[in-house]
Amino acid sequence: MDLLASVINYILDMGAAVFMPLLMFVIGLIMKMKVKDAFKAGLTIGIAFTGMSLLIDYMGSTMGGAAKAMSQNTGISLPAVDIGWPGAASITWAWPLAFLVFPLQIFINIIMLVTKQTKTLNVDLWNVWNKIFSAILVSYFTNNVILGFVAASILIFLELKLGDAWQPEIERLTGIPNVTVPHFISLFAVIMYPVDELLKKIPLLNKELDSSAIREKIGIFGENSVMGAIIGLGLGVLAGYGIKDSLILSVQAATALTLFPMVSKLFSEALSPISEAVSDFMKKKYGQDADIYIGLDWPILGGRNELWVSVIITIPFLLLFSLILPGNKVLPFAGIINLSFVVAALLLTNGNVLRMIIHGIWTAPIFLYGATYFAPYMTRLAEETGTLAAGQQMIGWSTFEGPILRYLLVNGFNGDVIAIIGFVVFIVLYILLIKNRKKYNLELMNE
């Protein structure tokens, strides 16, 4: 058992930028690619992940700095320190039983592929930490580790099925065939789905309004660099920066929004030949109808500027809610770049920027209250794993991923009738969302 834990932890400690190239190289060889082509594709995806990670860190430091300045201008301090998703992932991997969820995900995925319950092969194994984190929370509430692993299994199943449903839209957004994003954060689309259906009934909001449509409507002001410069300048003003620092932030935001699509092209360059090789292999072996989707981390969508425009514009709203909501204990800082809503919003709205921004605003209180509710349990985990000394300041995560789903799971497994009913409602909405996506996918195929 200790040997298995050591092997799994060693592999995952390399990070996506090393682990994914190795995995893609092996998949390429299995799919009969030439060694040089598989090696080049694997190395390129490593470069893409590294480049995207650098840009996300850059965005976090520049935009996060402005957000911190805005919060400091209020003079308000809150009891829980926001450690963001990197901090949450770090304390999660320190849980002694974390390594067991790794083979659990692989096992469930293989069973679902063999029984044709999914077409998605999820190779984004590093993000298994989200299922681990949920397993820990359920075990805390129920004092039963087995129920924690049952909860993790449910999430693995839900992610894979939704990954199938997202695939055509992800291919449209990225231009990469046969890839999808079976990520935990995409499940938040279930919560936004009924609201989005209402928003689509508003004439202004049911039109095509992605980056391309915006450029057509407003010309140069819709260019990535110009949009970034305007948004960065506005954020600098709200942060109380002077003219010089606001202009610097303006150029930094323009830089980020210009470079994201450039780096994103590397994903296409790396994944297209692998996807084609997988498709050819499956069709030769199992017939023309056989297909498989490669499940990857959300950064393959990072080239879509709708994502970053929505995130930046919603930063002031997230901060405002953190200051005025009664009972909130977490001041956004490390989690200020709210990826917890925006990936799901991008996929759900088909890149409609206005609807994405609206989703970012109305869901902000949900994340903050989720962060407040689970902060004591994050602190407990950090103390038990030795990553935080007992009695130190409480820690939280301002944009706590999947707050409603995790709330329903932990309390439902603990016997709370209202939470059980809430989970049933969630599953009903989940099924309706998948049916909606199937209808949209057929329309997309017929265009």
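Here is a short chat about the helices, sheet and surface of this predicted model.

Residues are numbered from 1 along each chain as its sequence is written. In this predicted model, local features need pLDDT of at least 70 and side-chain atom pairs pLDDT 80 or more, while totals for chains, interfaces and linings use all residues, and side-chain values use heavy atoms, without hydrogens and water.

Me: What makes a stretch count as one of the helices or strands in the protein?
Reply: Helices are DSSP runs of H or I with at least four residues, and strands are runs of E with at least two, numbered from the N terminus. By that rule the protein has 17 helices and five strands.

Me: Why do S2 and S3 stand at the edges?
Reply: The open sheet has three strands in the order S2-S4-S3, with parallel pairing. S2 (120–122) and S3 (179–180) each have a single partner strand, so one side of each is left without a neighbour in the sheet.

Me: How do you know which residues of H14 and H15 are in contact?
Reply: Contact means heavy atoms within 4.5 Å. Gly 360, Ile 361 and Trp 362 of H14 meet Ala 364, Pro 365 and Ile 366 of H15.

Me: What does "buried" mean here, and how many residues count?
Reply: Buried means under 20% relative accessible area, with a 1.4 Å probe and protein chains only. Of the 447 residues, 56% count as buried.

Conventions. Buried means under 20% relative accessible area, exposed over 50%, partly exposed in between (1.4 Å probe, protein chains only). Two strands pair if DSSP finds at least two bridges between them.
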